[in-house]
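Trainee: I would like to learn how to read a structure feature by feature, beginning with a single residue and ending with whole chains. Could we go through one together?

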Amino acid sequence: MTLQAYLTLAAMLFCIGFFGVMTRRNTIGILLGIELMLNAVNINLVAFARYHGDVSGMVFTVFTICITVAEVALGLALVILIYRIRRTAVADHLDLLKG
Amino acid sequence: MTLESITFGGLAVVLLASALAVVLTRNLFHSVLYLALSLVATAGLFLSLDAEFLAAIQLLLYAGGVVTIVVFAIVVTERLVGDRITQTSRQLLAGFGIAGALLVAILAVFRRAPLTVRRPPVSGDLTRAIGESLLTTHVLPFELLAVLFLAALVGALYLARPDD
């Protein structure tokens, strides 16, 4: 397979994730969209690393995967906290900072 | 059709179909299960790129860890709210337009600068190379990652602490 094929697939996956982030109203749904986008980025990194024979891209992928896990854990802790206080998960209802 | 292109095509179809299911399914729980499927398909793609170590990490951390955390969060919040979480989407058409425009723009860039690089043969053990690079060249970000995890652990515990 060509590098182009991997990049195209990753671009499609990224756009699907982006679509999810924009259209979902539930905060957990938005987080899932972000997961898809980060996943597309990982595919790009690994494909470039493999096709250029440089292992640094794969090391960077290890970092992005680990950081994503930390992000999800914190994001869901925030969601649970917001649920407890506001009793809602819909992002549009979270307008405490709106003047 | 070589075996390689058949594998890639199959993985691509599974990946894109499950990703679409993630963003379009109404039931949030089904959405998470489709996310697990798409993450496993991504691990398959990593295998097709000779990155066995990353495929294993992908399965362990993403498909294992993230999906478990999200399922746990759904169960907890459903119990707090008392009714099942269905998620509705809004402005589907506008979202589709923007995401489609982004995809067209990216593909246009690909067409303007076609990449003709060939895949070099695997030189040595990639897992070994990743490990050596991780503990020599990239040892500082590696240690910082440990600090990040500690901060995330403390932060998550603080945020999710019981009311007193």
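This is a predicted model: local features need pLDDT of at least 70, side-chain atom pairs count only at pLDDT 80 or more; totals for chains, interfaces and linings use all residues.

Trainee: Does B:Asp50 count as buried, exposed or partly exposed, and how many C-beta neighbours does it have inside 10 Å?

Mentor: To judge burial we count the C-beta atoms around a residue, and 20 or more within 10 Å make it buried, whereas 12 or fewer make it exposed. B:Asp50 has 17 such neighbours, so it counts as partly exposed. This residue sits in the loop between H2 and H3 of chain B, and its phi is near 65 degrees, which is a positive value in a residue other than glycine.

Trainee: At what angle do H1(A) and H2(A) pack, and how far apart are their axes?

Mentor: Two packed helices are described by the angle between their axes and by the distance between those axes. For H1(A) and H2(A) the angle is about 165 degrees, and the axes are 7 Å apart. Such an angle makes H1(A) roughly antiparallel to H2(A). Their crossing is left-handed, and the residues in this contact divide into 19 nonpolar, 6 polar and no charged.

Trainee: Which angle and which axis distance describe H1(B) and H2(B) in the other chain?

Mentor: H1(B) and H2(B) pack at an angle of about 155 degrees, with 8 Å between their axes. That makes H1(B) roughly antiparallel to H2(B), and the crossing of these helices is left-handed. Among the residues that make the contact are B:Phe8, B:Leu11 and B:Leu15 of H1(B), together with B:Tyr34, B:Leu35 and B:Leu45 of H2(B). By class, the contact of H1(B) with H2(B) has 12 nonpolar, 7 polar and no charged residues.

Trainee: How do the axes of H1(A) and H4(B), which belong to separate chains, cross?

Mentor: The axes of H1(A) and H4(B) come within 9 Å and cross at roughly 160 degrees. These two helices are therefore roughly antiparallel to each other, and H1(A) passes H4(B) in a right-handed crossing. On the side of H1(A) the residues include A:Leu7, A:Met12 and A:Phe18, and those they meet in H4(B) include B:Phe96, B:Leu103 and B:Ile106. This contact has 16 nonpolar, 4 polar and no charged residues.

Trainee: How many residues does each chain give to the contact between chain A and chain B?

Mentor: Chain B gives 74 residues and chain A gives 60. On the side of chain B that touches chain A, the elements that give two or more residues are H1, H2, H3, H4, H5 and H6 of chain B. H3(B) provides the largest share of that side, with 15 residues. The residues on that side divide into 54 nonpolar, 16 polar and 4 charged.

Trainee: Which residues touch the most other members of the largest nonpolar core?

Mentor: In soluble globular proteins, nonpolar side chains tend to be buried together. Here the largest nonpolar core has 69 residues, and those touching the most other members are A:Ala10, A:Leu13, A:Ile28, A:Ile43, A:Val46, A:Ala47 and A:Met58. The elements giving two or more residues to this core are H1, H2 and H3 of chain A together with H1, H2 and H3 of chain B, and H1(A) supplies the largest share, 14 residues.

Trainee: With which residues is A:Met58 in contact, leaving aside its neighbours within four places in sequence?

Mentor: A:Met58 is in contact with A:Val46 and A:Ala49 in chain A, and with B:Ala51, B:Leu54, B:Leu126 and B:Ile130 in chain B.

Key:
Residues are numbered from 1 along each chain as its sequence is written. Chains are lettered from A and ligands numbered from 1 in the order in which they are written. Two residues are in contact if their C-beta atoms, placed from the backbone, lie within 7 Å. Helices (H or I, at least four residues) and strands (E, at least two) are DSSP runs, numbered from the N terminus. Ala, Val, Leu, Ile, Met, Phe, Trp, Tyr, Cys and Pro count as nonpolar, Asp, Glu, Lys and Arg as charged, and the others, Gly among them, as polar. Axes are lines fitted to C-alpha atoms, for helices over the stretch in contact, and angles run from 0 to 180 degrees between N-to-C directions. Angles under 35 degrees count as roughly parallel, over 145 as roughly antiparallel, 65 to 115 as roughly perpendicular and the rest as oblique. A crossing is left-handed if the near helix is turned anticlockwise from the far one by less than a right angle, and right-handed if clockwise. A nonpolar core is a set of buried Ala, Val, Leu, Ile, Met, Phe, Trp, Tyr and Cys residues joined through C-beta atoms within 7 Å.
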